[in-house]
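Biologist: I would like to learn how to read the features of a model. Can we go through one together?

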Amino acid sequence: MNILVTNDDGVTAPGLLALAQEMRKLGKVIVFAPDKNWSASGHVKTMERPLRVREVTLADGTSAFTSDGAPSDCVALPLLGLLDEKIDLVVSGINPHANIGHDITYSGTVTAAMEAVITGVKGIAVSLDSPDGFKGLLDYSTSAVVARRVVEKVIADGLPKDVVVNVNVPYLKENELKGFMITRQGLRVYRDELVVREDPRGKPYYWIGGESPTGIDESGTDFGALKAGYVSITPLQLDLTSYKSMDVLGKWGF
Ligand code: MN
């Protein structure tokens, strides 16, 4: 089993190391991650400039590949044959914040897993629902174990075709987890605000600020599961068609 581990926070992120170390219990791990933070970069394909790849050493002394491309580039490169190994599975994370509801369309963590699925390889994204405004070193131990348990299940039972598995883990100790819940995408509530300031030359600049997003606490959703202390596992599909709207638009009469 060759497992590609990537993320959107950059190759030095502690969540990546925690994930790689836990995945090593399941097979050969290849770490291939961006050389900078690409959080909230969405699904990227770098086409207008060349990509560079180099080998680096992680904090535990193991080697990894890094590139100046986006998370999805870091999946595409090895899957297109940059490495000799055939990759069986791509695991992305562990992101330090939850990726739920509409976050998924922004998330570099999830789009790395999507890139795998587009190429026909299984893709799993793992994110930690860390407390709002948390300062200091996050504890990834529970989320890493959860990631391993989900990947073990995927290896043993397989997955339906074209499914991206989006895992979100509450910030709890392993024995405090209520369990695992298969969920649907919930609704995020964004509190973005336009911040306008002036640079030293008197020109305005803009910042998308505001408080962290919250969400609608509904049972059966990713947000609801996390709030209730459960690991949320949402099967995502890349087909974004709104099937129920096809009849409505069909009546446009074109
Ligand atoms: Mn991130």
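Biologist: Is Asp68 buried, exposed or partly exposed?

Modeller: This is a predicted model, so keep that in mind throughout. Buried means under 20% relative accessible area. Asp68 has 22%, so the residue counts as partly exposed.

Biologist: Which residue forms a salt bridge with Asp68?

Modeller: Arg49 does, and the closest N and O atoms are 3.3 Å apart. Then ask where the partners sit. Asp68 is in the loop between β4 (63-67) and α2 (71-82), while Arg49 is in the loop between β2 (28-34) and β3 (53-57). The two are 19 residues apart, so the pair links distant parts of the chain. Arg49 is partly exposed too, at 36%.

Biologist: How many salt bridges does the whole structure hold?

Modeller: The search finds 13. One of them joins Arg188 and Asp103, at 2.8 Å from N to O. Arg188 lies in strand β9 (residues 188-198) and Asp103 in helix α3 (residues 103-106), 85 residues apart.

Biologist: Which residue pairs with Lys227?

Modeller: Asp129, with N to O at 4.0 Å. The cut-off is within 4 Å, so check such a distance against it. Asp129 belongs to strand β6 (residues 122-129) and Lys227 to helix α6 (residues 222-227), 98 residues apart. Lys227 is partly exposed, with 48% relative accessibility. Salt bridges can also share partners: Glu22, Lys25, Arg148 and Glu152 are joined into one network that way.

Biologist: What is the general idea behind a nonpolar core?

Modeller: In soluble globular proteins, nonpolar side chains tend to be buried together. In this model the largest nonpolar core has 36 residues, of which Val5, Met23, Val91, Ile124 and Val167 touch the most other members. Elements giving two or more residues to this core include β1, α1, β5 (89-95) and β11 (230-237).

Biologist: Which residues does Val91 touch?

Modeller: Leave out residues up to four places away in sequence. Val91 then touches Ile3, Leu4, Val5, Thr6, Leu19, Met23, Ile124, Val126 and Val151. Another core, of 13 residues, lies apart from the largest one, and Ile30, Leu83, Ala112 and Val121 are among its members.

Biologist: How do I check a helix? What span should α5 have?

Modeller: Take 1.5 Å a residue. The 17 residues of α5 should span 24 Å, and the end C-alpha atoms are 24 Å apart, so the two agree.

Biologist: What do the buried residues of α5 pack against?

Modeller: They pack against α1, β5, β6, β7, β8 (179-182) and β11. The buried residues of α5 include Ala144, Val146, Arg148, Val151 and Val154. Note that Arg148 is also in the salt-bridge network.

Biologist: Which residue just after α5 takes a positive phi?

Modeller: Gly158, with a phi of about 75 degrees.

Key:
Residues are numbered from 1 along each chain as its sequence is written. This is a predicted model: local features need pLDDT of at least 70, side-chain atom pairs count only at pLDDT 80 or more; totals for chains, interfaces and linings use all residues. Side-chain values use heavy atoms; hydrogens and water are left out. A salt bridge is a side-chain nitrogen of Lys or Arg within 4 Å of a carboxyl oxygen of Asp or Glu. Helices (H or I, at least four residues) and strands (E, at least two) are DSSP runs, numbered from the N terminus. Buried means under 20% relative accessible area, exposed over 50%, partly exposed in between (1.4 Å probe, protein chains only). A nonpolar core is a set of buried Ala, Val, Leu, Ile, Met, Phe, Trp, Tyr and Cys residues joined through side-chain atoms within 4.5 Å. Contact means heavy atoms within 4.5 Å. The expected span of a helix is 1.5 Å times one less than its number of residues.
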